[in-house]
Amino acid sequence: MQNFIDAYSWINIRFLLEGLGITIEVSVFSIVISFILGTFLGIIRYAKIKYLSAIIGFIIDIIRNLPLLLIIFFTYFGLPNIGIKPEIIPAAIMALSIFESSMVAEIVRSGINSIDYGQTEGALANGLTKWQALRIIVLPQAIKNMMPALVSQFISLVKDTSLATIIVLPELMYHAQIIYGQNTNYIIPMFVALAVLYFIVCYSLSLFANYLHKHIA
């Protein structure tokens, strides 16, 4: 019990919260970027634009089958070799956004395909263009169907930020490692704290998504 009391000193708690702030910052930027980019790519795949859809589909399949850790390594250690030198936080956001965009693209494509094509035909019969039908009729319904899969993917993204400790991203996991690296008696208390903090963030995201889902419904 004394180990827990000592481990949860205000200095350590504040240090963990600083790491949590970085985790949330990286997660929010990555979620926004991957949702916008992934939606755009998913629509292009669904539209079956000659050559372009096939090329994008091929690239997405490659990224989806690569380890996220490899992409993180590439953005931070590989890009400098071609003249691009991102800082640690931008590199982490870039890697997570690239990986998650490929996942979101497939979710979006599947969500759009789940909507009966008869609705598109009805919209076209009423004078809407194909893109208007997609934007006004199909996509709003598809987003509702996609919501559970998107939430699950974004929760995974939050947890995947811990992989960026490999490039010394000063996020929650990295700060916890520093604390229990100074005193091995703090290992279990830090793991408990990590579990609680990750749960709070991920569960809050889930509650927010449920609110949006009801609002859309």
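Reply: Two ground rules come first. This is a predicted model, so local features need pLDDT of at least 70, side-chain atom pairs count only at pLDDT 80 or more, and totals for chains, interfaces and linings use all residues. Residues are numbered from 1 along each chain as its sequence is written, and side-chain values use heavy atoms, with hydrogens and water left out.

Me: What makes a stretch a helix, and how many helices and strands are there?

Reply: A helix is a DSSP run of H or I with at least four residues; a strand is a run of E with at least two; both are numbered from the N terminus. The protein has nine helices and zero strands. From the N terminus on, the order reads α-α-α-α-α-α-α-α-α. The C-alpha atoms fill a box of roughly 70 × 45 × 20 Å along the principal axes.

Me: Why is S53 called buried?

Reply: Buried means under 20% relative accessible area, exposed means over 50%, and partly exposed is in between (1.4 Å probe, protein chains only). S53 has 7% relative accessibility, so S53 counts as buried. Its place is in helix α3, residues 52–64. Of the 217 residues of the protein, 41% count as buried.

Me: Which residues does S53 contact, leaving aside its neighbours within four places in sequence?

Reply: Contact means heavy atoms within 4.5 Å. By that test S53 is in contact with I44, R45, A47 and K48.

Me: What makes the pairing of S53 with the backbone of I44 a polar contact?

Reply: A polar contact is a pair of N or O atoms within 3.5 Å; within protein, one must be able to donate a hydrogen and the other to accept it, and residues adjacent in sequence count only if both atoms are side-chain atoms. A polar atom of the S53 side chain lies 2.6 Å from the backbone oxygen of I44. The backbone nitrogen of K48 lies 3.4 Å from a polar atom of that side chain.

Me: Why is S162 called buried, and where is it?

Reply: S162 sits in the loop between α7 (130–160) and α8 (172–182). Its relative accessibility is 17%, so S162 counts as buried. Its side chain reaches the backbone oxygen of K159 at 2.8 Å. Leaving out residues up to four places away in sequence, S162 touches E171, M173 and Y198.

Me: Why does Q153 count as buried?

Reply: Q153 has 17% relative accessibility, so Q153 counts as buried. Q153 lies in helix α7. Residues up to four places away aside, Q153 touches E100, M103 and I107.

Me: Which residues of helix α4 are buried, and what do they pack against?

Reply: In α4 (residues 68–78), the buried residues are L68, I71, I72, T75 and G78. They pack against α3, α5 (88–113) and α7.

Me: Why is N81 called exposed?

Reply: N81 has 68% relative accessibility, so N81 counts as exposed. Its place is the loop between α4 and α5. N81 and V108 are 27 residues apart along the chain, and their C-alpha atoms are separated by 34 Å.

Me: Is Y51 exposed or buried, and what is its phi?

Reply: Y51 has a relative accessible area of 61%, so Y51 is exposed. Phi of Y51 is near 70°, a positive value in a residue other than glycine. Y51 is in the loop between α2 (10–47) and α3.

Me: Why is V168 called partly exposed?

Reply: V168 has 40% relative accessibility, so V168 counts as partly exposed. Its phi is positive, about 65°, although V168 is not a glycine. V168 is found in the loop between α7 and α8.

Me: Which residues does the "transmembrane region" annotation cover?

Reply: The unreviewed UniProt entry gives residues 20–44, 51–76, 88–108, 162–180 and 186–212. UniProt positions are in the numbering used here, feature names are shortened, and annotations may be inferred rather than shown by experiment. In the model, residues 88–108 are 100% helix and 0% strand, with end C-alpha atoms 29 Å apart. Residues 186–212 are 96% helix and 0% strand, with end C-alpha atoms 39 Å apart.
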